[in-house]
Amino acid sequence: MRKGLDRAFTVCAAACAAVVCALVLGIAGAIVWRGMAVLDWRFVSRLASGGGGAGGVLYEILGTVILVVTALGVCAPLAVGVALAEAVYLDGHENRRTRRWLFAGLYAANSIPSVLLGIAGLIVFSRWLGWGKSWLAGGILLGLMILPTVSVALIERLRSLPRKYVEAATGLGLSRSQVIWSVLLPQSLGGLVSGLLLGLARAAGETAPILFAAAVFSGAGLPAGVRDSPVVALPYHIFVLAQDSLDPAVQDHLWGAAAVLLALVLALSLLALPVRLRIHEEAKSA
Amino acid sequence: MRNTGRRRLELTRVASLGFTALAALVFLGMLVLFGVESLPVWRHLGLGYVTGTRWFFRVHEFGILPMVYGTLAVSAVALLVAVPLGVGTAFFTAEVLPRRARRTVKAAVELLAGVPSVIYGLLGVLLLRDFVVKLLAHWDPLSGDTLLTGGLLLAVMIVPTVMTLADDALSGVPADHRMAARALGLTRAETALQVAARQALPGLVSAALLGLGRALGETIAVFLVIGRQDNQWPERLLSVQPLANAGQTLTTKLGGSETFIAYGDPLHWGAIMGLGLVLFVVVTAVSLAGASLVTWGGDRA
Amino acid sequence: MLDVEPQGETLDCEAGEPALAAEKLSVSIRGRLLLRAVDLRIEPRRVLGILGPSGAGKTTLLRCLNRLSDLVPELTVAGDVRLHGKSIYDRTVDVDALRTRIGMIFQQPVVFPGSIAGNVLFGVRRTRRLPRRAWAERVERALREAALWNEVKDRLREPAARLSVGQQQRLCLARVLACEPEILLLDEPTSSLDERSTREIEELILRLRERHAIVLVTHNLQQARRVAFSVACLGVRDHVGELIESGRCCDVFDQPRTPELAHFLSREPR
């Protein structure tokens, strides 16, 4: 009886794992297989045509890149600021409640559905500031969306640095600011970079934040200025096309666009990998 | 690190604390924003908004229950599928697999977590819909766009989250506890279920809650496969038939075209923002509950 | 005597016939040899001490005796271990039942969350399917045998984590004894304990000897002298653990035959 339970347990657990692995392989396989049929140099270098369902995705790729770079510019300084606040300025026993609130806040902020962020962007950027649809609004919203995860990654990196470097620098007479800029931040750069890359990988694929205040389906090239200068972006492009997808030619185009987006996301995630491995090695040898 | 130097204005400190305050303001501001913008609907309809089952914006009739039902139904399906699957897989990776294989499987599953939701939506549209039509043949669905489709798609999306968190929780149980149990003659299943799982229980529940939080907040993928049909209030709550119909969730309503249209009309806009407020509060509560379980369990150890 | 059908045969062994024997036991990890051709004889109602410097493979050796080495998939075991003449590595052997007959105590006490009584019953209620009405009696018997009953009899329902380290180690012993094993494997049971608790455990071992065969891994020579009947001394040769000398305690310690052991003995405090 106990043996039977043991065997049943192993079989059930293995079955679950098999299903999950099949899902992973199936999804990856489907996209690669169907997408590869469509992907070629022309696909990524031509503009969309035929009402958006044919041709290439050049502007969509560029639009996504613009949004990602803007998000980077917004998120990086804010994340560094928040991380320094938690790990340095609010360090110590007396600030532990503030730090707990901060962490709870980061956690709560991270769980906010991205559609709400998009609507808030609609209100603030499109209406109050009168920007209409703007690439800058999209970049800011995406940067804010990934701020919690990047901050937490950097905080953990800062807290795990060996104290000896800070002690040596302080012992030499450097002020706190100097220690931060000459020791703490350079050494935790790896954590910042990998956190940013993973966050940007997520931002590249998001649709809801840019749905209302940044993206259009067609009629936008490279933006000029801030007001009324939307972009076309891969996720939104796929989103709109997918709602109307009975035409098989459009379906092929969709698979290709999905493959391009996935490749972009994967590239950003994989770039983070060597950095993460190096941090892991350092931690083990320390 | 104290600043024992001169009491000069520390620019970095000002900037850092300023940025933190800014970030806090932004997120708190969002909550306030949704609250304030939705005031018209609370004033006008009060509790009827929350208990009403009909949504006809042209005549200013706003009841959110069908959307609440849609959200709950879709999330329930997702949890019913994803939690056993994810926890079962976690049992396999944490209790059965040797270390190297475990890392490979975890890495593969984490890749799945990185797939954008719009691509899941696309897969749902192109692959899942036909499957669901066949599955639900007995209940006569109009098309593949149903609540069940949304739920199944969400399940696939949250399995990686549930699985990695459950695996972390189970692996956090010290190895010597397992070894002591095995040395007493307990089987692997008994050790996994009665030693490891018991100690990791807060972490496992947290995994389910955080998965639920993700499911509640997902918009784009569900949007593409749910049919987006308003006013679908089931005759019998706990049957399969409503799952075979198209539906609407809080998030899919928000992500739809009505949000653009509603801006000019204060009551309509208030109703839309009310949806956002409800969603905000519920998701935050669930996620904080899930997070607190992990830290509380950790403190106990 | 055991109250359950054992695997193989239960014999009333005459002194001299080993309850447990290792024959040419070798252990490798991923192709690299850890232990080479170790022979052991564990006799009923006797204590076998296993001595050696750290890294010689004492813990690994011990874990092969109840097949806890199975839990580490990278380990390969060659040679044999026989329980009453029958190989424990045979494919028909029920490993979980084996472990109820060969109990193990670890260096650090492992206390499960729950009450003292809950800990004592942890193994036996599952592996022997002990009915509820027998629980209280079994708890008392095991705690008495582990010399812990008088200290905890009024607080059986309290969390076991509140006990001192020495008491926790005796609790682990009670937990193992509740399964009524034939053989006890003790892996440096006193190395995390203070002087007084160590003495208590050593006295306990001498009492337990009457009903069990005991293997005691220790790095403490004096402890081996006080407690063991015979010893097996492991040493490291060419980076591999090997049995250097074995035999009755007094013979080995007073007249060491190998230079390594003589050297080791001379460095021990008298």
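Me: At what angle do helix 1 of chain A and helix 9 of chain B pack?

Reply: We are looking at a predicted model, in which local features need pLDDT of at least 70, side-chain atom pairs count only at pLDDT 80 or more, and totals for chains, interfaces and linings use all residues. Residues are numbered from 1 along each chain as its sequence is written, while chains are lettered from A and ligands numbered from 1 in the order in which they are written. Helices (H or I, at least four residues) and strands (E, at least two) are DSSP runs numbered from the N terminus, and axes are lines fitted to C-alpha atoms, for helices over the stretch in contact, with angles from 0 to 180 degrees between N-to-C directions. Helix 1 (residues 2-38) of chain A and helix 9 (residues 188-217) of chain B have axes 7 Å apart, and their packing angle is about 75 degrees.

Me: Are helix 1 of chain A and helix 9 of chain B roughly perpendicular or roughly parallel?

Reply: Angles under 35 degrees count as roughly parallel, over 145 as roughly antiparallel, 65 to 115 as roughly perpendicular and the rest as oblique. This pair, helix 1 of chain A and helix 9 of chain B, is therefore roughly perpendicular.

Me: Which residues in helix 9 of chain B does helix 1 of chain A meet?

Reply: Two residues are in contact if their C-beta atoms, placed from the backbone, lie within 7 Å. From helix 1 of chain A come A:Leu5, A:Asp6 and A:Phe9, and in helix 9 of chain B they meet B:Arg188, B:Ala189 and B:Ala192.

Me: Which helix of chain B gives the most to the side that touches chain A?

Reply: Start with the whole interface: 66 residues of chain B are in contact with 69 residues of chain A. With 13 residues, the top contributor on the chain B side is helix 1 (residues 11-37) of chain B.

Me: How many residues of helix 9 of chain A are buried?

Reply: Helix 9 (residues 189-205) of chain A reaches 25 Å from its first C-alpha to its last, close to the 24 Å expected at 1.5 Å a residue (the expected span is 1.5 Å times one less than the number of residues). A residue is buried if 20 or more other C-beta atoms lie within 10 Å of its own, exposed if 12 or fewer, and partly exposed in between, with C-beta atoms placed from the backbone. Helix 9 of chain A is mostly covered, with a buried count of 14 of its 17 residues.

Me: What share of the residues of chain B count as buried?

Reply: Chain B has 13 helices and 2 strands. Its C-alpha atoms fill a box of roughly 75 × 70 × 35 Å, taken along the principal axes. Of its 301 residues, the buried share is 53%.

Me: Is helix 6 of chain B oblique or roughly antiparallel to helix 7 of chain B?

Reply: Helix 6 (residues 117-135) and helix 7 (residues 147-171) of chain B pack with their axes 10 Å apart, at an angle of about 130 degrees. That angle makes helix 6 of chain B, relative to helix 7 of chain B, oblique.

Me: Which helix gives the largest share of the side of chain C that touches chain B?

Reply: Here 21 residues of chain C are in contact with 14 residues of chain B. Helix 2 (95-101), helix 4 (124-127) and helix 7 (165-177) of chain C each give two or more residues to that side. The largest share, 4 residues, comes from helix 2 of chain C.
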